[in-house]
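Keep the sequence beside the model as you read.

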Amino acid sequence: VHSIAAIHGLQASALSEEVNLAPLMEQIIAALNCPIELSDGLPCPIALNRDEAVPIALILNELVTNACKHSSACECLPGCRPITVSLNGDGMKVTVAITNPVGGDSQAAHSGFGLNLVKSLLPKQSARLEIEHGDGIFSVVLELLPPIVVTRK
């Protein structure tokens with residue numbers, strides 16, 4: 001619900017049918033009470049195509065919410081690794097990488113309801129999801145290509 005509200009709020013504020021990815025990600029993170037470091041490495045503003053904005057926002061919300069739910073991150077202990085969300089791209093391909101320190105067995109994170117929801121919402125073309133787990137880090141990379149993403153100069 002927060003993701004859909006963010007989409008509509010961003011659309012109204014920009015008077016556009018497309019939604020800029022970085023501000024959307026900032027709003028999703030701000031809605032959670034979880035320590036997350038956001039890194040915006042996008043070379044220029046990247047927008048989500050209006051037809052895919054709501055499903056992509058729901059996917060991003062679910063991935064970040066799951067990272068918070070399954071995290072062993074701590075804010076103030078030395079050597080502790082926080083959850084990170086990195087936005088990167090080259091003008092054509094955009095990646096959203098979420099890394100999460102996890103404790104114990106995170107097998108449920110590979111096959112839970114949330115991840116099944118993400119997979120069902122993922123557009124069949126122009127989007128790809130990679131999941132990795134090793135050395136206490138659970139990593140999800142969402143790759144988005146046109147026409148899902150639109151580059152703004």
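**From the strands to a helix pair**

Asn88 of the protein chain stands opposite Thr95 in E5. The model is a predicted one, in which local features need pLDDT of at least 70, side-chain atom pairs count only at pLDDT 80 or more, and totals for chains, interfaces and linings use all residues. Residues are numbered from 1 along each chain as its sequence is written, and side-chain values use heavy atoms, with hydrogens and water left out.

Start with the strands around E5. Helices (H or I, at least four residues) and strands (E, at least two) are DSSP runs, numbered from the N terminus. Strand E4 spans residues 83-89 and runs antiparallel to E5, joined by six bridges. Two strands count as paired if DSSP finds at least two bridges between them. E4 and E5 make a hairpin with four residues between them. In that turn, Gly91 has a positive phi of about 95°.

E5 itself covers residues 94-101.

Ala97 has Val141 in E7 as its bridge partner. E7 pairs with strand E6 (residues 127-134) as well, antiparallel and over eight bridges. Here Glu132 has Ser139 as its partner in E7. The E6 and E7 hairpin has two residues between the strands. Asp135 takes a positive phi near 55° in this hairpin.

An open sheet of three strands has the order E1-E3-E8, with antiparallel pairing. Its edge strands are E1 (19-20) and E8 (149-151), each of which pairs on one side only. E1 meets strand E3 (residues 46-48) through two bridges, in the antiparallel sense. Asn20 stands opposite Ala47 in E3.

Next, the helices. Two packed helices are described by the angle between their axes and the distance between the axes. Helix H3 (residues 53-70) packs with helix H5 (residues 113-121) at an angle of about 160°, and their axes are 9 Å apart. Axes are lines fitted to C-alpha atoms, for helices over the stretch in contact, and angles run from 0 to 180 degrees between N-to-C directions. H3 and H5 are therefore roughly antiparallel to each other. Angles over 145 degrees count as roughly antiparallel, under 35 as roughly parallel, 65 to 115 as roughly perpendicular and the rest as oblique.

Which residues make the contact? H3 supplies Pro55, Leu58, Ile59, Glu62, Leu63 and Asn66, while H5 supplies Gly114, Leu115, Leu117, Val118 and Leu121. Contact means heavy atoms within 4.5 Å.

Look at Asn66, in helix H3. Asn66 is buried, with a relative accessible area of 16%. Leaving aside neighbours within four places in sequence, Asn66 is in contact with Asn100, Gly114 and Leu115.

Finally, step back to the whole. The protein chain has five helices and eight strands. Of its 153 residues, 42% count as buried. Among contacts between residues at least 6 apart in sequence, 68% join residues at least 24 apart.

Methods:
Buried means under 20% relative accessible area, exposed over 50%, partly exposed in between (1.4 Å probe, protein chains only).
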